[in-house]
Amino acid sequence: TVAEIEGRPVDIEQELLLVGDQPELAAGRDLAQHLGHEGCGRALGIQLRLLANMLDGLVAVEGQRHSPTGALYNELPDRIEDLALLVAAGYASGTNWLGWLAAALAIGCAYVRAVGASLGCGQDFRGPMAKPHRMAALTLGALVSCAAGVAGQSWPIMTWTLAIIAAGTAWTIARRTSRIASMLRAGTAA
């Protein structure tokens, strides 16, 4: 980060403010600031981002308004979202390494899907922890954190959530890789 290069202490909240005002980054910034009662707002932010992504896809496909670069600009914000939300959840929960691990696995999961498609095996969106599942788990974690905060509890909900996301995403990578390898060995790739 700029702060590290300049030899200043890293203020993650300030660093996240510098990333801009894209919805997925704002949701991640908000998630990093607090976990208590505000978890409900973060859960809503995550779901609104997913809704915006879905509506954008529907307009492109159903309205036949896709462009030559549409797939590119549909995919890249999803990877930024994975990174911003999962890393922010890690910092917010005090387990930044786990947020980074979950984010790296999420990006790796998308990479395996893209490699499979490039090898003629089609897009494989199976789980158990594909993007919709990761965002549902993160939303649920934020809501449970909210409820725990209201109840005066300080359980490490987001740490547990990130551990589940990381383990499930690793399993998803293994399942997708196995499917791709099976198709290539069987000669059923297109």
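Guide: Start just after α5, where Gly94 has a positive phi of about 85°. Keep in mind that this is a predicted model.

Visitor: Which residue just after α6 takes a positive phi, and of about what value?
Guide: Look just past the end of α6. The residue there is Gly120, and its phi is about 85°.

Visitor: Which residue just after α7 takes a positive phi, and what is the angle?
Guide: Go to the position just after α7. Gly152 sits there, with a positive phi of about 80°.

Visitor: How many helices and strands does the protein have?
Guide: Read the elements from the N terminus: α-α-α-α-α-α-α-α. The tally is zero strands and eight helices.

Visitor: What share of the protein's residues is buried?
Guide: Buried here means under 20% relative accessible area. The protein has 190 residues. The buried share is 37%.

Visitor: What part of the contacts with a separation of 6 or more comes from residues 24 or more positions apart?
Guide: Take the contacts in the protein with a separation of 6 or more. Residues 24 or more positions apart make up 72%.

Visitor: Why does the end-to-end distance of α5 agree with its residue count?
Guide: α5 has 24 residues, so at 1.5 Å a residue it should span 34 Å. Its end C-alpha atoms agree with that, being 35 Å apart.

Visitor: What are the spans of α6 and α7?
Guide: The 23 residues of α6 should span 33 Å at 1.5 Å a residue, and its end C-alpha atoms are 33 Å apart. For α7, 20 residues give an expected 28 Å. From its first C-alpha to its last, α7 reaches 29 Å.

Visitor: How do the axes of α5 and α8 cross?
Guide: α5 covers residues 70-93 and α8 covers residues 157-186. Their axes come within 9 Å. The crossing is left-handed, at roughly 145°.

Visitor: Which residues of α5 and α8 meet, and of what class are they?
Guide: From α5 come Leu86, Ala89, Gly90 and Ser93. From α8 come Met158, Thr159, Leu162 and Ile165. By class, this contact has no charged residues, three polar and five nonpolar.

Visitor: Which members of the largest nonpolar core touch the most others?
Guide: Nonpolar side chains tend to be buried together in soluble globular proteins. In this model the largest nonpolar core has 24 residues, and α5, α6 (96-118), α7 (131-150) and α8 each give two or more. Those touching the most other members are Leu86, Ala102, Leu138, Leu162 and Ile165.

Visitor: What covers the buried residues of α6?
Guide: The buried residues of α6 include Leu98, Ala102, Leu105, Cys109 and Val112. Arg113 is also among them. The cover includes α5, α7 and α8.

Visitor: Which charged residues are buried in α7?
Guide: The buried set of α7 includes Met135, Leu138, Ala142 and Cys146. Asp, Glu, Lys and Arg count as charged. In the buried set, that picks out Lys131 and Arg134.

Visitor: What is the accessibility class of Pro77, and how far is Asn53?
Guide: Pro77 is also placed in α5. At 24% relative accessibility, Pro77 counts as partly exposed. Asn53 is 24 residues apart along the chain, and the C-alpha atoms are separated by 9.1 Å.

Visitor: How far apart are Asp56 and Asn74 in space?
Guide: Asp56 is in α4 (residues 39-62). Its relative accessibility of 45% makes Asp56 partly exposed. Asn74 is 18 residues away in sequence, and C-alpha to C-alpha the pair is 8.4 Å apart.

Visitor: Which residues does Arg175 contact, leaving aside neighbours within four places in sequence?
Guide: Arg175 lies in α8 and counts as partly exposed at 34% relative accessibility. Gly127 is 48 residues away in sequence, yet 8.0 Å away in space, C-alpha to C-alpha. Beyond the sequence neighbours, the contacts of Arg175 are Arg126, Gly127 and Pro128.

Definitions and conventions:
Residues numbered from 1 in each chain as written. Predicted model: local features only at pLDDT ≥ 70, side-chain atom pairs only at ≥ 80, totals over all residues. Heavy atoms only, no water. Axes fitted to C-alpha atoms, helices over the stretch in contact; angles between N-to-C directions. Helix = DSSP H or I, 4+ residues; strand = E, 2+ residues; numbered from the N terminus. Left-handed = near helix turned anticlockwise from the far one by under 90°. Contact = heavy atoms within 4.5 Å. Core = buried A, V, L, I, M, F, W, Y, C linked by side-chain atoms within 4.5 Å. Buried < 20%, exposed > 50% of the residue type's maximum accessible area, 1.4 Å probe, protein only. Expected span 1.5 Å × (residues − 1).
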